[in-house]
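Good morning, and thank you for making time for this presentation.

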Amino acid sequence: ARQLPPGPNQFHVMSYLSQLIYKPHIALQTLAKAYGPLMSFQLGDQLMVVASSPETAKEFCRTHDRIFSGRHLPSVYHILPGTIDSSIVLSPECGKAWKLLRTIGQSCVFSSRAMETNTWIRKAKVMDTVNHLRTKQLGQVVNLEDLMFATLANIISSALTAKNLFHIEGEGKEDYKEMMSLVNEVIEKTTTFGLVDFLPILKGVDFWSNGKAMDMYRKIKLTWGGIIQERRASTKNDQNPSSKTSQDFLDIVLSDGTFSEDQIAISLMELLIGATDSTTITTVWLIVELIKNPEMLSKVREEIAQAVEGDELNESLLSNNCNYFQACIKETLRLHVPAPLLVPHRAIETCKVNNYTIPKNSMVLVNSWGIARDPKYWEDATIFKPERFLDSNIGYRGTHFEYLPFGTGLRMCPGSAVAFKNIQMLVGSLLHYFDWSLPNGDDPISIDMSETYLTTLKKEKPLLLVPKLRE
Ligand code: HEM
């Protein structure tokens, strides 16, 4: 007989509804305390299955990895034409288009060779930002979160298409603001799914009318259309295509011919969001934790100083010699897990897990946030303590199930190493060249630590700081 994992009944779920929508990682952790690390419940017409321990996470992401490698599509994707076949993140199964896009991404962004090739891009975009900050007047307040976001967006868009999305020197000007709100709107709309999407009562709110979806589609095309067409034209005019030494993502997808221009725009947008959203969140929390802990900050700075060559940070020295700094990045990814429930998985077949039946099309959530704060696995679990990673072999590549900031298995984040390098270069440079203080000389201890959930978990209030060039 079919036996589902234990879990709350309809009434119990209803009493948690608001928390399930706005703070699902917390609600699910609370429920798991009552029902155990493998739990199920009905949410509207969707069966939800939740893994809340390293052991149960392993069942879904390792032991039965292939069966749980599906995704649910937010309703918006059913409205937008062609998106299902041009997505990595939300591709419903690990099918042909998913494989092709992951392979192309591997060759020009994710692999070690690609990261090596792209080192100069990372450095150049970070230095654009550093140089821009050098022009600030003494005491001028900077929205550092936006600036780091724009820098990370330029790094990925340059790696994908050889173009900047943001003109950094134009920070705060019309073009910059327009691009910022365009991209933010797409991020907000396309990631606002998950639990809400499966509740018939909330569907009444009509998040996603056809009109809104088409507007989003138009905006995605507005962001990338010009870049794609320009490249297509220049490739046609180029008599000798082999004269280009290395191909970027755009060269490869265009010459492959599988995807339409609109589909290419969608996959570029998706990679942009994947590469910037969680990474920005991490850089924000890392800086917050360090300015709140001056002793840690000076240790990090001492290390970074050892990785400077001439007047520039050297990426391989940063990677090889800055253990404490890396421990701080890892600890930030533990205490402030950017994707607290990973990206929801879907069972593509019915499967038995721990003697329970998990029916086909169940939505599987791994509470990576709860696991990373479980006192069973982590001492002083809610305290920022980078030292814990110094003498530990726990890495972020998905082999330690008590620490899964990037997930693990088939659907694991392909950009984990890229993220690490970007964070290291960007935050390393910002801390090396500048001192950071709060507006009005406020004490860093007073920084508001509230978080807000929108598939990713970010700092609620923007990070406003005053830079001062270090001697
Ligand atoms: C700190 C930064 C980042 C974090 C915490 C993060 C986290 C994640 C997580 C948790 C997933 C879902 C894993 C799962 O469902 O099991 C994911 C998927 C993904 N990430 Fe990241 N990520 C980060 C940076 C990046 C970067 C820099 C890129 C691109 C260069 C990227 C591209 C992707 C893509 C394409 C997927 C979809 C994979 C698939 O469904 O097959 N991410 N990421």
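Which residues does Asn361 touch, not counting residues up to four places away in sequence? Asn361 touches Arg346 and Ala347, where contact means that the C-beta atoms of two residues, placed from the backbone, lie within 7 Å.

Two remarks on the source are in order. This is a predicted model, in which local features need pLDDT of at least 70, side-chain atom pairs count only at pLDDT 80 or more, and totals for chains, interfaces and linings use all residues. Residues are numbered from 1 along each chain as its sequence is written.

To return to Asn361, its place is in the loop between S8 and S9; helices (H or I, at least four residues) and strands (E, at least two) are DSSP runs, numbered from the N terminus. Asn361 has 14 other C-beta atoms within 10 Å and is therefore partly exposed. For this term, a residue is buried if 20 or more other C-beta atoms lie within 10 Å of its own, exposed if 12 or fewer, and partly exposed in between. Although Asn361 and Gly70 are 291 residues apart in sequence, their C-alpha atoms are 8.4 Å apart in space.

Two other asparagines deserve mention. Asn354, in the loop between strand S7 (351–353) and strand S8 (356–358), has a positive phi of about 50° although it is not a glycine. Asn354 counts as exposed because it has 12 C-beta neighbours inside 10 Å. Asn440 also is not a glycine, yet has a positive phi of about 60°. Asn440 sits in the loop between strand S10 (434–437) and strand S11 (451–454), and it counts as exposed because it has 8 C-beta neighbours inside 10 Å.

I turn next to the domains. The assignment, which is automatic or from a database, gives domain 1 (1–66 + 340–372) and domain 2 (67–339 + 373–469). Their C-alpha centres lie 27 Å apart. To the contact, domain 1 contributes 38 residues and domain 2 contributes 32 residues. Several elements each supply at least two residues of the side of domain 1 that touches domain 2, among them helix H3 (24–35), helix H4 (54–63) and strand S9 (363–366). The largest share of that side, 6 residues, comes from H4.

What of the interior? In soluble globular proteins, nonpolar side chains tend to be buried together. Here the largest nonpolar core has 110 residues, of which Ala153, Ile156, Ile287 and Val366 touch the most other members. Such a core is a set of buried Ala, Val, Leu, Ile, Met, Phe, Trp, Tyr and Cys residues joined through C-beta atoms within 7 Å. Helix H14 (residues 261–292) gives the most to this core, with 16 residues. Both domain 1 and domain 2 give residues to this core, so it lies between them.

Lys468 counts as partly exposed because it has 14 C-beta neighbours inside 10 Å. Beyond four places in sequence, Lys468 is in contact with Phe434 and Asp435. The C-alpha atoms of Lys468 and Gly82, 386 residues apart along the chain, are separated by 48 Å.
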